[in-house]
Structure formats: C-alpha cells, structure tokens
Amino acid sequence: MNETPPPSTASQTTGVGAPGLISNEPLLFELGSPGRQAYSLPPLDVPEVELETLLPPDEIRPPIEEFPELGELDVVRHFTRLSQWNFSIDTNFYPLGSCTMKYNPKINETLARKPGFAGHHPLAPESLSQGSLELMFDLQEYLKEISGMDHVHLQPAAGAQGEFAGMLMIHAYHSARGRPRKKVLLPDSAHGTNPASATLCGYSAVQIPSDRDGLIDIDRLREVMDEDTAAIMLTNPNTLGMFEKNILEITSIVHGKGGLVYCDGANMNAIMGVTKLGRMGIDVLHFNLHKTFSTPHGGGGPGAGPVGISDKLAPYLPVPVVVKKEGRLSLDHDRPESIGKVKAFYGNFGILLRAYAYIRSLGPEGIRKISEAAVLNANYLKASLKDTYHLPYPGPSLHECVFNDKLQHPATTMDIAKSLIDRGFHPPTIYFPLIVKSALMVEPTESESRETLDRFVEALLEIDRVAKTAPEQVHDTPRLAKVSRPDEAGAARRPILRWRPAESA
Ligand SMILES: *Cc1c(COP(=O)(O)O)cnc(C)c1O
C-alpha cells in the first residue's frame, strides 16, 4: 500500500463522489478454498451418468489445475469490485478530446435490449425483417439530413472502417475513370487513422502543414494538389476544434484537379443541426455513431462508422444496400460496381439502434441544441483556463480546445493529466494532435453541467498552483489510483496475460 497521505484539496472534500481508485482485489485464483461452490441444489432425482458416456473424449475439457473454488457471493463481489475500478462516463467527467465521451442516455439501452430487435436473427428473411430494415433505412435518412450527403451506408463497424470503406470507394471511382491515382493529401493535424486508411488503399500519404491559425495552408494545398492526387482527407472542425473557414476554397482546389474530398466526421458533435458538410463540397464522410450519437465506447468498441457519399460515388457503395420501394424494404445485393462487403451481415445493428433512439428522442431541435451546448461548454472551459494554461492556437474554436504545459514547466502534460486522476477526473487526451507540442486536448461535450465544468476548472487551476510551487508533487501522481505510472510501452510490448502461482512468478 502507498502510505503517502492523499493531497488535501478543496475539490476532494467538496466534490461529488470519491477521488481516486483505491481498493485491493486479489486474483480469483488467490481467493476461495477447496470445496466451496457457487450453487446449492437438491439431491439428484435421476440416475447419475458419467460425462464420458455422453461426449466424445476430445470434447471433454481436461481438469484445470488449481481451479479456484468460490461461493457465489465471493464471485459477485470480486467482479463488482473490479467493475468499480473502471472510470466511466457514468461515474464522472471524461473530457477526452476527439473521442466525444458524452453521456449515453439509458433509453438507448432499454430500446436496444427489446427482444424483437435484440433477438432478431441476421439470417431472418426480409419478410420477417421489415421492422429492423425500416429502422436502418430511417437512420440512413436521418444521417443524410444531418450531414447533407446524398447517400449513407451503415455497414462499417468503426470510424476507421468507415474511412477505409470511403477510401475504397474513392479508389473505385478513380479506377473506373482509368487511373486510381497515387497520392492522398492529409493535414498534419489529422487523426492517425486517416493516413492509415489511405495507405491501406495503396495510396501514399502526403502531409500538408497547418498555417499559424491551425487551419489547412491553402497556398501549400494549391502547390501540391495535382492530377496524381486521388483525394484530400480533412477533418472539419479539425482536431484543434477549429472550423476550416476556407472549406469552399479547399474543396474547389481539389475538385479542380479531379480529386475528391474525404471528411472525417468524428467531430460532428460541434456542427450537427447547424451546418451540413454535404453543402461544402464533401464527397465522402464518415460518422462515429459511438461518439456523436451516444453509444458507450472506449476500450475498443463496439462501434459503428456509417459512411456518407455524394451521388457520383453511389455505384461503389458496400453491399447490401437497404432500399425501400412502395413501402417495402429490401436488401439490394445486385450492385456490380460495389466495393463489396466490409462487415459481416449489416454492421453493428445494436449500435445503429442506439443512434436511432438518440436521434428520435432529441428531434431536429434537440440535435441542434446539442451542438450549441457542446460548443458553449468547450468555450466556457477555454475562457476559464486561458490565462493559466497556454493555448498554442488561440483562435475561435468549437467543441474542443487544445492547451499545453508551456506555463507549467517543469511539470509536464503527463503530470497534469495524472494529477487529474487524484482529483477524480479522467485525464483529457494528451500529446494529440501531434502539431501541438505536449498537447492537452479537452472536449467537455454538451452533457456536462456548469457545476462539473467549474470543478474541473478548479482542479486544473489548483494543479497549476502546485506545479508552480512544488512541481515534484505534481509529478508524484496519481497517488489515489491502483497503479501510478505504469510502464506503458512495456505493457504493450510484453503483456503478461497468464496467471502463475506466486512461487513460479
Ligand atoms: C475517433 C476518431 C477516429 C476513429 O474512429 P474509431 O471509431 O475509433 O475507429 C477518426 N478520426 C477522428 C478525428 C476521431 O476522433
């Protein structure tokens, strides 16, 4: 146990919930004792049969050595305690920039569990699937309305897969014109999945620098855009939370050379209901339903990354396409120029259902209010912190803002992030976007109250005070978490996944 007394802070004594994450939990293998069991049943009233007489030998698991034996309550408490080590949006503020960790209304969960949807088999015939198909069709229509794109396809299972599907369509489009082209342009503030998706499609990624305001450098774009360039992949608002105010000029430069414009729509939280990317000359756009449209995410999914496209790319949509004719819904597989399937069946239906519930429960007015509140919240944080934390790009921003540690040296962004854990907050995104040295990227989302934002500001102001008077105290954090500073590279490269008895460890 760490004997250091917890730092005594105002936010700890007056805040909501407990700061830190201390509780001890042995492995199941270290709990229990032989002969304990998690059930009690009346004696057997039928003849006992040996397993070997029922199953072939290769289907019978050999006995597991030192298998833990526990009572039901031991097991329930063990897993419940473990679940409480998780930081989640349901426990406290989670200002993870670019990830849109907003609150996910519970009504989405209730609807996703409705047996008619949850138990619907993906191989059920169309005649028995009209409800699910209609939901998918309507969700496509809503996303078209929100984005201004001509078509939307729901199949991709994540933002990155939406990007990949979109880039495959761009590749198919150019190939159909005789030449797939070779390059894809990417601003240096792009999310790492963007160059990865372009590269997976066989393109070479060409970086365009940002200008002093954090926007795409138009002159540079004009220089590098040529007829060997298939597309630009941009993000609007970009990962600094800034709206590309020259977007019409950008799309016209790219279109002028026969290229297409891909927009990473992960930041839709700032603009939905306010403006439409389809009107800005965007040809392909992916949505992150698990971000903007409220599905619990983090830790790897599941998610959904529908892709929206302009008319000229329609022949290349993945199959099958959900279509509606005279009120009847069906799946169209007969699309000879399609890029094919990108995910089993129809995508992550449960996530589509949650997004549908979210959009329907908000309505058009509610959708717009979300964007307005998300932008207001981010700007409230920005205004409250701008005199204390350095803002490398101080221009107007939308739903997130990016600080760094310049004014807290020698305390670092990592120290600040770790100190927030002791104060009960999930750290923001750090060291991304790459164009900001030691970035600290905050996205509050619309779902946080003013009181929560004030507590967060108070915590950051206090960390700044400690950084300036006793920087070693900021470095020596978190003190209230199970693990303080893990060896992250070691954990990724040499993971220890198997339990061994203490003596052989
Ligand atoms: C999250 C994110 C992605 C990738 O989405 P996944 O669903 O995690 O694959 C792409 N671009 C931006 C800007 C993002 O924030």
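For the classes used below, Ala, Val, Leu, Ile, Met, Phe, Trp, Tyr, Cys and Pro count as nonpolar, Asp, Glu, Lys and Arg as charged, and the others, Gly among them, as polar. By this scheme, the shell around the ligand has 3 nonpolar, 6 polar and 3 charged residues.

The model is predicted: local features need pLDDT of at least 70, side-chain atom pairs count only at pLDDT 80 or more, and totals for chains, interfaces and linings use all residues. Residues are numbered from 1 along each chain as its sequence is written, and side-chain values use heavy atoms, with hydrogens and water left out.

**The ligand and its surroundings**

The residues around the ligand are S98, A158, G159, A160, E163, H191, T193, D264, A266, N288, H290 and K291. Helices (H or I, at least four residues) and strands (E, at least two) are DSSP runs, numbered from the N terminus. Helix α6 (159-176) gives the largest share of the shell, 3 residues, and α6 and α10 (289-292) each supply at least two.

The table lists distances between polar atoms; a polar contact is a pair of N or O atoms within 3.5 Å, and within protein one must be able to donate a hydrogen and the other to accept it, while residues adjacent in sequence count only if both atoms are side-chain atoms.

| Residue | Part of the residue | Ligand atom | Distance |
|---|---|---|---|
| S98 | side chain | oxygen | 2.7 Å |
| A160 | backbone | oxygen | 2.8 Å |
| D264 | side chain | nitrogen | 2.5 Å |

The protein covers 87% of the 380 Å² of accessible area that the ligand has on its own; such areas come from the Shrake-Rupley method with a 1.4 Å probe, and for residues only the protein chains shown count as cover.

**Strand β5**

Buried means under 20% relative accessible area, exposed over 50%, and partly exposed in between (1.4 Å probe, protein chains only). In strand β5 (residues 260-265), 6 of the 6 residues are buried, so the strand is largely enclosed by the rest of the structure. Both faces are covered, with L260, Y262 and D264 on one side and V261, C263 and G265 on the other.

Two strands pair if DSSP finds at least two bridges between them. Strand β4 (residues 229-235) pairs with β5 in the parallel sense over 5 bridges, and A231 stands opposite L260. Strand β6 (residues 284-287) also runs parallel to β5, joined by 4 bridges, with F287 opposite G265.

Notes: Near = heavy atom within 4 Å.
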